[in-house]
Amino acid sequence: MKGNESLMGKRNKWRKSMVLALALAGGLLFNTVQPIEAHAEETSQQMIDKKAKIDAEVKKLNQELDQLQQDIDAKVKVFNQVQADIKEVDAGIVETEKRIEQRSTILSERMAAYQAQDNTVGVYLSVVLESKSFADLMDRVVAVKTLMDADQELVNQQEADKAKLEQQKATLDEKQKELQKQFQELQQKESEMEVKKAENQAKSLALKAQIATKQEEERLEAERKAAEEEAARLRALQSARPVVNVNNNNNSNNNSNKNNNSASKPQPIIVGSGAGTASSGDAISTAKQFLGRAYVWGGSNPTTGFDCSGLVQWSYKQAGVSLPRTASQQYLATKRISASEARVGDLVFFSYGSGVAHVGIYLGNNTMIDAQNKGVVIESLDWWNQYLVGFGRIQ
């Protein structure tokens, strides 16, 4: 019995020990697990809040671009309306000139008939005097008066149409100047938009990297660096200004003779006319197919129409050469050369005061093919020299 009691006592002690151990373990488990879960919950909420804040900042960046695009779209509408106005005025001029020409033919024939007689009054007088009766006389007088009135009306109409034609031409000139202004403003807006896009993309990627996984963070960081480099290049390009007082050797500004009156005027630009490559020849042939095609803002193919950089990009694409989309990007993608080194097929770039905004394909002999406010044309560089930034060679 004593042996059994001793055994039972040991078992009870062991059970108590186990209960105490489990209790202690439970307490420790409770005390350690609970804080971890609370910390995890707090971190998760912080991440949710952080993501919401970053999403809001990214949205704001996108809204900035949307606003810029809306500004550009509004300008495009004005540009298109001025184009339509010019088309209407042009049609009116054609009609007015047609009436003037037709009336001039009639008046010339009348004048020739009058000159065959002694004088105009004599012609009409003989018609009246040849009447055979009073009734015949009255009929003839009415007929003569009708003819004289008709002649005078023709002259009056002719004078009115000539005055109208002058007014139409003046209106056309004003509309074309307005179109040129809109054209330049649009191109500068596009240049600004390219910088803003690159800057905001870099900012957006930096924000997204803050809540990304390690693997995503590395990818986003690489993309951010590339976007920042592009933004820096485009931002630096905003300082590009038209070349003034160009010398014949290197297209640099000549400021050594500021006090010399002759040096204050732009000097002639000596432009080379070297032969182009096979690809540039193909590109030029493609561009010439669209001569006369109306200018379309943002157009980059025959279906939509072309703007300046769109025409360049499409034409060279058909020749197997890949170029960026905008004039400023095409400037950065080409090798700088002096005007005297320019050859057929090189790109020629222009600025209206801030950044590269226009581009054409050089054809030699001081001419280029480009898409401008009047459409796709071949034109002299003489007028454009006031906006010239420089030449670029496709590599």
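**Exercise 1. How many aromatic pairs does the count come to?**

Solution. Keep in mind that this is a predicted model. Rings of Phe, Tyr and Trp pair if their centres lie within 6.5 Å. By this rule the count is 10 aromatic pairs.

**Exercise 2. Classify the pair formed by the rings of Trp 383 and Trp 384.**

Solution. Start with the distance: the ring centres are 5.1 Å apart. Next, look at the planes, which stand at 90°. An angle over 60 degrees counts as edge-to-face, so this pair of Trp 383 and Trp 384 is edge-to-face.

Now try Trp 383 with Tyr 387. Their centres are 5.4 Å apart, with 65° between the planes, and this pair is edge-to-face. Finally, step back: ring pairs link Phe 350, Tyr 352, Trp 383, Trp 384 and Tyr 387 into a cluster.

**Exercise 3. Which residues have the most contacts inside the largest nonpolar core?**

Solution. This core has 58 residues. Those with the most contacts inside it are Tyr 316, Leu 347, Phe 350, Val 356, Ile 361 and Phe 391. Another core, of five residues, lies apart from it, and Ala 202 and Leu 205 are among them.

Methods. Residues numbered from 1 in each chain as written. Predicted model: local features only at pLDDT ≥ 70, side-chain atom pairs only at ≥ 80, totals over all residues. Heavy atoms only, no water. Phe/Tyr/Trp six-rings, centres within 6.5 Å; stacked < 30°, edge-to-face > 60°. Core = buried A, V, L, I, M, F, W, Y, C linked by side-chain atoms within 4.5 Å. Buried < 20%, exposed > 50% of the residue type's maximum accessible area, 1.4 Å probe, protein only.
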